[in-house]
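The stops below are to be taken in order.

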Amino acid sequence: MITHACVGKALVECAERVAELKGEPGKVFGYEDIAEAAFGGLGKLLISSIIYVELFGTCSLLFILEGDNLFQLLGNSVLAVRPGWALRVAGLPSWA
C-alpha cells in the first residue's frame, strides 16, 4: 500500500516537472510524455508499445472469458456446436 502511494507521488512529481520544462504548468501529461522527457523518443516508443500490448491482451482475455462463459451457459446448443456463432454473439455489445 505504501509502495503504491510512493509510486503515485513520484509519477505526479514527474508529470509536474515535465509540465514545467515544456512551459505548460497545470497541463496533464501521460506516461508517454514522462518517458519522452526522461529517455527521449526511444522511451516514448517503448512505453507506448507496452501500453498497447497490455490493452490488446486485456481485450483478448475479455473475449476468451466471454467465450468460456457462453460455452458453460449454453452447453450443447447450436452456439456450442458452431463456435463461429458464439464469437458473433460475444461481439454483439461492441457493435451496438
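The tour goes from the whole chain to its core, then to a helix, the charged pairs and the cysteines.

This is a predicted model, in which local features need pLDDT of at least 70 and side-chain atom pairs count only at pLDDT 80 or more, while totals for chains, interfaces and linings use all residues. Residues are numbered from 1 along each chain as its sequence is written, and side-chain values use heavy atoms, with hydrogens and water left out.

**Whole chain**

Display the chain as a cartoon and colour it by secondary structure. Six helices and zero strands are present, in the order α-α-α-α-α-α from the N terminus. Helices (H or I, at least four residues) and strands (E, at least two) are DSSP runs, numbered from the N terminus.

The chain exposes about 7,700 Å², of which carbon and sulfur atoms supply 70%; the areas come from the Shrake-Rupley method with a 1.4 Å probe, and for residues only the protein chains shown count as cover. Of the 96 residues, 14% are buried. Buried means under 20% relative accessible area, exposed over 50%, and partly exposed in between (1.4 Å probe, protein chains only).

Contacts (heavy atoms within 4.5 Å) give a further view of the fold. Among those with a separation of 6 or more, 8% join residues 24 or more positions apart.

**Nonpolar core**

Select A15, V18, A19, F29 and I34, the five residues of the largest nonpolar core. Such a core is a set of buried Ala, Val, Leu, Ile, Met, Phe, Trp, Tyr and Cys residues joined through side-chain atoms within 4.5 Å. Helix α1 (residues 2-22) gives the most to this core, with three residues.

Centre the view on F29. Which residues does F29 touch, not counting residues up to four places away in sequence? They are A15, V18, A19, K22 and E24.

**Helix α3**

Select residues 41-74, which form helix α3. At 1.5 Å a residue, its 34 residues should span 50 Å, and the end C-alpha atoms are 49 Å apart, which agrees; the expected span is 1.5 Å times one less than the number of residues. Within α3, show G43, S48 and L70, which are buried. Then step to G75, which follows α3 and has a positive phi, near 60°.

**Charged pairs**

Side chains of opposite charge can pair when their charged atoms come close. How many salt bridges does a search of the whole structure find? The search finds three salt bridges, each a side-chain nitrogen of Lys or Arg within 4 Å of a carboxyl oxygen of Asp or Glu.

- Select E20 and R17, whose side chains meet at 3.4 Å, N to O. Being three residues apart in helix α1, E20 and R17 are separated by about one helical turn. E20 is exposed, at 53% relative accessible area, whereas R17 is partly exposed, at 47%.
- Select K27 and E24, whose closest N and O atoms are 3.3 Å apart. K27 is partly exposed at 48%, and E24 is partly exposed at 34%.
- Select K44 and E36, whose closest N and O atoms are 3.7 Å apart. Partly exposed applies to K44, at 31%, and to E36, at 32%.

**Cysteines**

Finish by selecting C6 and C14. C6 is partly exposed, with a relative accessible area of 49%, and C14 is partly exposed at 38%. The disulfide count is zero, a disulfide being a pair of cysteine sulfur atoms within 2.5 Å.
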